[in-house]
Amino acid sequence: MIETFFNPDIIRAAWPILTAGLGNTLLLSVVVVPLGLLGGVILALLASVRSPLVRWPLMAWVDFFRAFPPLVLLIFLYAGLPFAGIELGGFGCVAIAFFLNTGAYYGEIIRAGIDSVPAGQTEAARSTGLSRLQTMAWVVLPQAIRNVLPDLLSNTLEVVKLTSLGSVVAMPELLFQARQAQSLTYNPTPIMAAAVVYFLMLWPLVRLLSRLENRAPTSQTEATRT
């Protein structure tokens, strides 16, 4: 088992390739997570508009990209758009696909957080002379994000894990590099090493998420008593 799945000689030989892939995975995460959050905030703010001309297309947009498989969307951008004369490259396709897909999920989470803020908070802020935009930015959004922070962190974990889909479009992230190393060594050890790297990278966030989820019921109880 050790020779097949955890061969130390193969790990040493493949380690430079894996670290290069890890660097690209981290770079991709640094790009796609803020892009998804930005898209989510935009969608959540648009959801507060009461006009049916905005709400109905917005609902259709969010439902479509939440239901559309991200892998299919990624392949469409990478393999389909060149037929229309548009070539974005692997990194660009992954960034746009994640912006569309994860933005819809982030948007629903943030919208739920905005809805959880009591209306009295908005009325009190407006009574002090703040504009609607200032009220949303300085009063409502901070409370909304705090209320749904575990959900945001959970979705962020999923986004980082989904960066492995970049290997499908030859994006040299961690999984792609591990597969390249496997093809050179004819051994699954590089794949297992990549799995361990993913675990070590995400496990601290999983523990943080567990702590936030455990604190949430306590915070809600204290708020109710107050």
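**Exercise 1.** Classify the lining of the largest pocket by residue class, then locate the pocket in the fold.

*Solution.* Step 1: the lining of the largest pocket has 11 nonpolar, 4 polar and 10 charged residues; Ala, Val, Leu, Ile, Met, Phe, Trp, Tyr, Cys and Pro count as nonpolar, Asp, Glu, Lys and Arg as charged, and the others, Gly among them, as polar. The model is a predicted one, in which local features need pLDDT of at least 70 and side-chain atom pairs pLDDT 80 or more, while totals for chains, interfaces and linings use all residues. Residues are numbered from 1 along each chain as its sequence is written, and side-chain values use heavy atoms, with hydrogens and water left out.

Step 1: the volume of this pocket is about 620 Å³. A pocket is an open set of points on a 1 Å grid over the protein atoms alone, where a 1.4 Å probe fits, with protein on both sides within 12 Å along at least five of seven lines; lining residues have an atom within 4 Å of a point. The volume is the space filled by probe spheres set on the points, which are joined across faces, edges and corners.

Step 2: of the 25 lining residues, Ala47, Ser48, Arg50, Ile114 and Asp115 are the closest to the centre of the pocket. Two or more lining residues come from each of α2 (8-47), α3 (52-67), α5 (89-116), α6 (119-127) and α7 (132-147). The largest share, 6 residues, is given by α3.

**Exercise 2.** Describe the secondary structure of the protein chain.

*Solution.* Step 1: the chain has 10 helices and 0 strands, where helices (H or I, at least four residues) and strands (E, at least two) are DSSP runs numbered from the N terminus.

Step 1: the C-alpha atoms fill a box of roughly 70 × 50 × 25 Å along the principal axes.

Step 2: of the 226 residues, 36% are buried (under 20% relative accessible area with a 1.4 Å probe, protein chains only; exposed is over 50%, partly exposed in between).

**Exercise 3.** Where are Ala170 and Tyr186 placed, and what are their phi values?

*Solution.* Step 1: most residues other than glycine have a negative phi.

Step 1: Ala170, although not a glycine, has a positive phi of about 60 degrees. Ala170 is found in the loop between α8 (149-162) and α9 (174-185), and is partly exposed at 43% relative accessibility.

Step 2: Tyr186 has a positive phi near 55 degrees. Tyr186 is in the loop between α9 and α10 (189-225), and is exposed, with a relative accessible area of 76%.
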